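Work through the exercises below with the sequence and the 3D view open. Each task is followed by a solution in steps.

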Protein chains: 2
Amino acid sequence: MKAKTNAAPTEVPRYFTEERSADAVVARMEAGADLRLREVMAALVRHIHAAIKEVEPTEEEWMAAIQFLTDTGHMCTDWRQEFILLSDTLGVSMLVDSINHRKPSGTTESTVLGPFHVADAPRREMGDDICLDGSGESLYVSGRVLDGSGAPIAGAELDVWQANGEGFYDVQQRGTQPEMNLRGRFTTGPDGRYWFRSIKPCSYPIPHDGPVGKLLDRLGRHPYRPGHIHFILRAPGFQSLTTHLFVPGDPYLESDAVLGVKESLIGDFTRHDDPPRAAELGLANPFWVLPADFTLVPT
Amino acid sequence: MKAKTNAAPTEVPRYFTEERSADAVVARMEAGADLRLREVMAALVRHIHAAIKEVEPTEEEWMAAIQFLTDTGHMCTDWRQEFILLSDTLGVSMLVDSINHRKPSGTTESTVLGPFHVADAPRREMGDDICLDGSGESLYVSGRVLDGSGAPIAGAELDVWQANGEGFYDVQQRGTQPEMNLRGRFTTGPDGRYWFRSIKPCSYPIPHDGPVGKLLDRLGRHPYRPGHIHFILRAPGFQSLTTHLFVPGDPYLESDAVLGVKESLIGDFTRHDDPPRAAELGLANPFWVLPADFTLVPT
């Protein structure tokens, strides 16, 4: 189609103008066959142009942004994903998680996966202690996996992982921690029950020696996450659930660096000083108890 | 300040919620001492969250975006800036340029610098031929540097650069092209006049063998820029001006991959078949003529 000489006011101008800057970019995408990519890029372009018009960056600020993105890219390796950290710390990961896992009321809420999940963690027997390095305050976790009506789900898999008593995951300390420390997969029987032994998780910083850590620092933000245990629950006929349970009273609960906390995910951790009960459960005294049921959504 | 137990509806919730996702992130920045960074990041976070809510990306799409940014970062080297290409092709560079160089009417408009400028190009005498490899259609460029009242500016420097007859800058073909081919700096005398010889510029693709090139391709966009000559004008008492002059009739004028074209920057290139005049100007016949005045804004 030939461009008209007398463009109506709503028509996209033939050349770039500050006023219609995003329109000019979006108009270029019309030949793209990938309709979804066009839709996503159009929304991103419109919102990024709007943000730029709002803040009116200097050319030095623009160059600083280019340099930040470049440094963030250069920080990424096979074992460090700095752009995911950026997404996490800006609440983008939580937003994408929330959009993709809207749950009916009464079912367990989701939160972010995080970078430390390992596929194929060892299968454990109910009651096993997943803490293989013997450090930390002992913890007993138990509960049921349920459907929306409160009925138990048999054959549900709980994939559990957490950091050790010093706030590091096994994969962050290969050679120091035992392999597959504080990880395991448990499968419920007909009563939907599970139980295992571990340690009370503690708060720890996300990796903050890179560009994202520097950004947090300049924004007056700390890099800490409140102590938590990760879970993925999978059961035939149900949507899989990726979530955490957090330790109440943790000083970072309201300022989690990755904004992962939801009120319903603060666990009911209680401390017990009861040597006979500790012996019965196979735990060092004193010990912590966390009762936790998970309610899944049918597929 | 202690968080209140009974939060008013407008108060930011204590924990992440999908509805108030951007507020939760922005509230975390309040301790940052760098007010400007907080302002910029708050605007970016609000607009990026709005874009995400609009398109509702799947988790696979989010991961594809993370991978795209990572690949773009890994493509960046000392001599290749893929994030600037991304900014250029999404119209962000032009928008930042426009915001920072709003010009009074009647003065010459700016456009993007591009990645091929070299500081300290050689000083040339008026009339010099900046084309050192003798290929391309010959061109005579001449005009004046003026202030807003039409008075000539003496001692104005024109820093000129362009691609060769095959669409490559000297810095892209080190060892093949003569050093400082198609570059030079000219200084006006009391009449504000300048004149030099070169070749008619041709269209060329931006580097498109990386992630940005792949993105353009999936969006149905080509990587070409219409033929143009770059100029930076500097004169004491005036704002420096970074601009291009484009070749009229170029097939890519209305689809410049970096959206750099403004209507006022399309030059008045005309072709001449006039052997005596060509001999007089020291040009091969036939030849092109480009008359071009530049009007600068006082500081």
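**Exercise 1.** Decide whether helix 5 of chain A is mostly covered or mostly open, and find what its buried residues pack against.

Solution. This is a predicted model, and the steps below use its computed geometry.
- Step 1. Seven of the nine residues of helix 5 of chain A are buried, and the helix is mostly covered.
- Step 2. The buried residues are A:V92, A:S93, A:M94, A:L95, A:V96, A:D97 and A:S98.
- Step 3. Within chain A, these residues pack against helix 4 (82-89). From chain B, helix 1, helix 2 and helix 3 also pack against them.

**Exercise 2.** State how many residues of helix 4 (residues 82-89) of chain B are buried, and name elements that cover them.

Solution. 
- Step 1. Count the buried residues: eight of the eight are buried, so helix 4 of chain B is largely enclosed by the rest of the structure.
- Step 2. List them: B:E82, B:F83, B:I84, B:L85, B:L86, B:S87, B:D88 and B:T89.
- Step 3. The cover includes helix 3 of chain A. It also includes helix 3, helix 5 (92-100) and helix 6 (211-218) of chain B.
- Step 4. Look past the end of the helix: B:G91 follows helix 4 of chain B and has a positive phi, near 75°.

**Exercise 3.** Find the angle at which helix 3 of chain A and helix 3 of chain B cross, and name the residues in contact.

Solution. 
- Step 1. The helix covers residues 59-75 in chain A and residues 59-75 in chain B. The two axes come within 7 Å and cross at roughly 95°.
- Step 2. Angles of 65 to 115 degrees count as roughly perpendicular. The two helices are therefore roughly perpendicular to each other.
- Step 3. From helix 3 of chain A, the contact is made by A:L69, A:T70, A:T72, A:G73 and A:H74. From helix 3 of chain B, it is made by B:L69, B:T70, B:T72, B:G73 and B:H74.
- Step 4. Sorted by class, the contact has two nonpolar, eight polar and no charged residues.

**Exercise 4.** Describe the side of chain B that touches chain A: which element gives the most residues, and how do the residues divide by class?

Solution. 
- Step 1. In total, 65 residues of chain B are in contact with 65 residues of chain A.
- Step 2. On the chain B side, two or more residues each come from helix 1 (21-27), helix 2 (35-55), helix 3, helix 4 and helix 5.
- Step 3. Helix 2 of chain B gives the most, with 16 residues.
- Step 4. The residues on this side divide into 35 nonpolar, 15 polar and 15 charged.

**Exercise 5.** Decide whether chain A is more spread out or less spread out than a compact globule.

Solution. 
- Step 1. Chain A has seven helices and 11 strands.
- Step 2. Its radius of gyration is 24 Å, while the globule rule gives 19 Å for 299 residues, so chain A is more spread out than a compact globule.
- Step 3. The C-alpha trace of chain A spans about 90 × 40 × 30 Å along its principal axes.
- Step 4. The domain assignment gives domain 1 (1-56) and domain 2 (104-205 + 217-295). Their C-alpha centres lie 47 Å apart.

Key:
Residues numbered from 1 in each chain as written. Chains lettered and ligands numbered in written order. Predicted model: local features only at pLDDT ≥ 70, side-chain atom pairs only at ≥ 80, totals over all residues. Axes fitted to C-alpha atoms, helices over the stretch in contact; angles between N-to-C directions. Helix = DSSP H or I, 4+ residues; strand = E, 2+ residues; numbered from the N terminus. Parallel < 35°, antiparallel > 145°, perpendicular 65-115°, else oblique. Contact = placed C-beta atoms within 7 Å. Nonpolar A, V, L, I, M, F, W, Y, C, P; charged D, E, K, R; others polar. Rg over C-alpha atoms; globule rule 2.2 N^0.38 Å. Domains from an automatic or database assignment. Buried ≥ 20, exposed ≤ 12 C-beta atoms within 10 Å, placed from the backbone.
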